[in-house]
Amino acid sequence: MAPSATTDVAPMLVPVHGKGAHTVSASVLYGPRDLRLETRNLERPGDGELQIAIKSTGICGSDVSYYKKFANGDLCACQPLSLGHESSGTVVAVGPQIAGFKVGDRVALEVGIPCGQCSICRNGRYNLCKKMRFRSSAKSVPHFQGTLQERINHPAAWCHKLPDHVSFEAAALLEPLSVGIHAVNRANPSSGSTALVIGAGTVGLLTAAMALQSGCTSVTIADVDAGRVDYAIKHGFATHGYVVSRPLHLSTSSASISSNSTTSTSSDSGSLTPNSTISGSNREQLEHAKQLAEDILSISRLPSAFRNEDEDEGVDIAFECTGKEACMQTCLYATRPGGKVIMVGMGTPIQTVPLSVAHLKEIDILGIFRYANTYATGIRMLSSQGHGGPRSILPSLDNMVTHRFKGLAAAKDAFELAGRTVDDGGNLVLKVVIEA
């Protein structure tokens, strides 16, 4: 059983009938680590909306970033913000013009709301809609408040019904699972492909699981945390695991490219060669990334008797799930000619990468941003679990929840733990969930 932290909070009874607003409790971030429990007014659901009592919310890495810095990458919050976007709950009120839902329905929430009218939305790539409003993100102003509230009103079109045997915790993890589904959809691996996943957090684990599910015969997962790599192998998320022995050296920005270096020149013209434009520290980092790629590939390499020595080495698809520059470099070096690198993690916005490697090996570099059209697939996968099939399509999502906190008043403790890889007892921290 996962460790649990319990805070005694008197339950607030919120009527679901009648007119006007009702009060609900909400966890609200006012600045770095300034998390407060406050009361908000909640109107009855409007046209096309359901009122959802939130039952389970997983804490995402972006939530932890907002909690620590009041920002996530280039997005800085400019007003109080409720965090949380990996959530599930129960319908407690149904707004006008709604069909197909009733009070008591159990649902998973897809929390990105696109306009639905632009050409991007009409083409099915609504995750790229310029007018997208995403709960717990500071991108839109006023900010679209997250799900760490007792109840929220949410468009019925983005509420997905759940089978009774799917837990609220597993349903909350449909959100990061959707990232993995979308990443593998973009990669479009053929049967028998090989894959590398760098980063063994929740998204990395679920991306690896989806790569296996899609027909990849070999999936290697790499991370600096041995506990997470061990978990991935033990629970069937990947076929091979590699623990990076030391933290990857990270340059601060693309400023490490210097046109003033004169360490290497052409013997006949005196002009700068390509290598001479790379600073010493960056050259060292690239060499380390190249060696790391070789080391990672070596653990899944077939014995010499079973491989063609003339065949180019490398994986068919590399999924970069950290957003770190050094990891992107490693992915490029680890991918075979004609392969693909999928950028899953969001992190360093400006990176120095060996583009000539991608150029000369015709490696496709594909970005993904959140997900689109994935929840139905994820729910079907969860529905197959526990029904006596020959094998589960996915490893258990419930098992990924390592720590549970009870009630919104415990949110601060939950965020502090979610930013760590082990708890005070030395136990693995993987997914932290706040329960109602």
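Guide: Before starting, one term: a contact means heavy atoms within 4.5 Å. With that, residues 24 or more positions apart account for 69% of the contacts in the protein with a separation of 6 or more. The model is a predicted one.

Visitor: OK. What's the average pLDDT for the protein?

Guide: The average is 88, and 84% of the residues score at least 70.

Visitor: And where does pLDDT stay under 50?

Guide: Residues 1-18 are one such stretch, and the model gives that stretch 35 contacts beyond four places in sequence. Residues 249-273 also have pLDDT below 50, with 36 contacts in the model beyond near neighbours in sequence.

Visitor: How many helices and strands does the protein have?

Guide: There are 11 helices and 20 strands. The protein has 436 residues, and 50% of them count as buried.

Visitor: Electrostatics next. How many salt bridges does a search of the whole structure find?

Guide: The search finds 13. One of them pairs Lys431 with Glu86, and the closest N and O atoms there are 2.9 Å apart.

Visitor: Is Lys431 buried or exposed?

Guide: Lys431 is buried, at a relative accessible area of 3%. Glu86 is buried as well, at 2%. The cut-off for buried is under 20% relative accessible area.

Visitor: What else is Lys431 in contact with, leaving aside neighbours within four places in sequence?

Guide: Besides Glu86, the contacts of Lys431 are Gly58, Ile59, Cys60, Leu173, Thr202, Met400, Val401, Thr402 and His403.

Visitor: What's the relative accessibility of Asp105?

Guide: Asp105 has 8%, which counts as buried. Lys161, by contrast, is partly exposed, with a relative accessible area of 42%.

Visitor: Which residues of helix 7 are separated by about one helical turn?

Guide: Glu287 and Lys290 form a salt bridge at 4.0 Å, N to O. Those two residues are 3 apart in helix 7 (residues 280-298), so about one helical turn separates them. Glu287 is partly exposed at 45% relative accessibility, and Lys290 is partly exposed at 40%.

Visitor: Which residues do salt bridges that share partners join into one network?

Guide: Lys102, Asp105 and Lys161 are joined that way.

Visitor: New topic, helix packing. At what angle do helix 4 and helix 5 pack?

Guide: Helix 4 (residues 174-187) and helix 5 (residues 202-213) pack at about 45°, and their axes are 8 Å apart. The two helices are therefore oblique to each other. Helix 4 passes helix 5 in a right-handed crossing.

Visitor: Which residues of helix 4 and helix 5 make the contact?

Guide: From helix 4 they are Pro176, Leu177, Val179, Gly180, Ile181, Ala183 and Val184. Helix 5 supplies Thr202, Val203, Leu206, Thr207, Met210 and Ala211. Thr202 is also among the contacts of Lys431.

Visitor: Where is Ser56?

Guide: Ser56 is in strand 4 (residues 49-58), and it counts as buried at 1% relative accessibility. Not counting residues up to four places away in sequence, Ser56 touches Glu86, Ser87, Ser88, Phe168, Glu169, Ala172, Val433 and Ile434.

Visitor: And where is Gly89 found?

Guide: Gly89 is in strand 7. Its relative accessibility is 0%, which counts as buried.

Visitor: What does Gly89 touch, not counting residues up to four places away in sequence?

Guide: Gly89 touches Ile52, Ala53, Ile54, Lys55, Asp105, Arg106, Val107 and Phe168. Phe168 is also touched by Ser56, and Asp105 is the residue that meets Lys161 in a salt bridge.

Note on methods:
Residues are numbered from 1 along each chain as its sequence is written. This is a predicted model: local features need pLDDT of at least 70, side-chain atom pairs count only at pLDDT 80 or more; totals for chains, interfaces and linings use all residues. Side-chain values use heavy atoms; hydrogens and water are left out. A salt bridge is a side-chain nitrogen of Lys or Arg within 4 Å of a carboxyl oxygen of Asp or Glu. Buried means under 20% relative accessible area, exposed over 50%, partly exposed in between (1.4 Å probe, protein chains only). Helices (H or I, at least four residues) and strands (E, at least two) are DSSP runs, numbered from the N terminus. pLDDT is the predictor's confidence in each residue, from 0 to 100. Axes are lines fitted to C-alpha atoms, for helices over the stretch in contact, and angles run from 0 to 180 degrees between N-to-C directions. Angles under 35 degrees count as roughly parallel, over 145 as roughly antiparallel, 65 to 115 as roughly perpendicular and the rest as oblique. A crossing is left-handed if the near helix is turned anticlockwise from the far one by less than a right angle, and right-handed if clockwise.
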